[in-house]
Amino acid sequence: MAFVAPVTLEGRHVLLSPMTRERAEALADALAAAAADGSMWESKVTTIPRPEKARAYVAQALAELDAGVSMPFVTIDRKSGRVVGTTRYMNIEAPHRRLEIGTTWIGKSFQRTAINAEAKYLMLKHAFETLSCIAVDLRTHEKNVQSRAAIE
């Protein structure tokens, strides 16, 4: 059995749904729309796909899932039901019960809402209480001031 298996994490404001091959095309379309909300790909401090590269982005995330080094989620606003971004468990080290949370981005219209904070809470709670992790790191680029402030 895998250390980190696909799971849906549900809060009051956000639903984190695991990326799957069966839904890859629909997820790519939804993530393309989320990235277009604020031209998110223009960021120099995080990797957000241009809308036309969303399929390759999802394919890479699923390849990491298959390799057992990542568990990618799509981030869904519960109120609207809309996909607003993505996040993942990454750099998974099962023997050490360690992982990172990163590769997170959210469309401009949903930034500075309860969505990201609740998503991180759900991921941390699941990592410590269900997966019995002994270490969880939050990863962001050192120059990503907005993300660093959110982590603080």
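Asp29 has a relative accessibility of 41%, so Asp29 counts as partly exposed. Here buried means under 20% relative accessible area, exposed means over 50%, and partly exposed is in between, with a 1.4 Å probe and protein chains only. This is a predicted model: local features need pLDDT of at least 70, side-chain atom pairs count only at pLDDT 80 or more, and totals for chains, interfaces and linings use all residues. Residues are numbered from 1 along each chain as its sequence is written, and side-chain values use heavy atoms, with hydrogens and water left out.

Asp29 forms a salt bridge with Arg55, side chain to side chain, at 2.9 Å from N to O. A salt bridge is a side-chain nitrogen of Lys or Arg within 4 Å of a carboxyl oxygen of Asp or Glu. Arg55 is partly exposed, because its relative accessibility is 45%. Asp29 belongs to helix α1 (residues 24-36) and Arg55 to helix α2 (residues 54-67). The two are 26 residues apart, and their pair links distant parts of the chain. Helices (H or I, at least four residues) and strands (E, at least two) are DSSP runs, numbered from the N terminus.

The structure holds ten salt bridges. Side chains of opposite charge can pair when their charged atoms come close. Arg88 is buried, because its relative accessibility is 4%. Glu64 has 21% and therefore counts as partly exposed.

Arg98 and Glu100 form another salt bridge, with the closest N and O atoms 3.0 Å apart. Glu100 has a relative accessibility of 6%, so Glu100 is buried. Arg98 is buried as well, at 16%.

## Ser70 beside Glu64

Ser70 is in strand β3. Its relative accessibility is 3%, so Ser70 counts as buried. The Ser70 side chain makes a polar contact with the Glu64 side chain at 3.3 Å. It also reaches the backbone oxygen of Tyr89, at 3.3 Å. A polar contact is a pair of N or O atoms within 3.5 Å; within protein, one must be able to donate a hydrogen and the other to accept it, and residues adjacent in sequence count only if both atoms are side-chain atoms.

Set aside neighbours within four places in sequence. Ser70 is then in contact with Glu64, Leu65, Arg88, Tyr89, Met90 and Ile92. Contact means heavy atoms within 4.5 Å.

## Nonpolar cores

A nonpolar core is a set of buried Ala, Val, Leu, Ile, Met, Phe, Trp, Tyr and Cys residues joined through side-chain atoms within 4.5 Å. The largest has 21 residues. Val4, Leu9, Leu16, Phe73, Tyr89, Leu99 and Met123 touch the most other members. At least two residues of this core come from each of β2 (14-18), β3 (70-77), β4 (83-93), β5 (98-106) and α3 (114-130). Helix α3 gives the largest share, five residues.

Beyond neighbours within four places in sequence, Met123 is in contact with Leu9, Leu16, Phe73, Thr87, Arg88, Tyr89 and Ile101. Another core lies apart from the largest one. It has 18 residues, including Ala24, Ala34, Leu62 and Ile76.

## Aromatic pairs

The whole structure has two aromatic pairs. Rings of Phe, Tyr and Trp (its six-membered ring) pair if their centres lie within 6.5 Å; planes under 30 degrees apart count as stacked, over 60 as edge-to-face and the rest as tilted. Tyr57 and Trp105 are edge-to-face, 6.4 Å centre to centre with 70° between the planes. Tyr57 lies in helix α2 and Trp105 in strand β5, so the pair ties together parts 48 residues apart in sequence. Tyr57 and Trp105 are buried.

Phe73 and Tyr89 have ring centres 5.7 Å apart and planes at 75°, so this pair is edge-to-face. Phe73 is in strand β3 and Tyr89 in strand β4, 16 residues apart. Phe73 is buried, at 0% relative accessibility. Tyr89 is buried with a relative accessible area of 0%.

## Asp37 in a loop

Asp37 lies in the loop between α1 and α2. Its relative accessible area is 14%, so Asp37 is buried. Leaving aside neighbours within four places in sequence, Asp37 is in contact with Arg82, Gly107, Lys108, Ser109 and Phe110. The C-alpha atoms of Asp37 and Val84 are separated by 8.6 Å, and the two residues are 47 apart along the chain.
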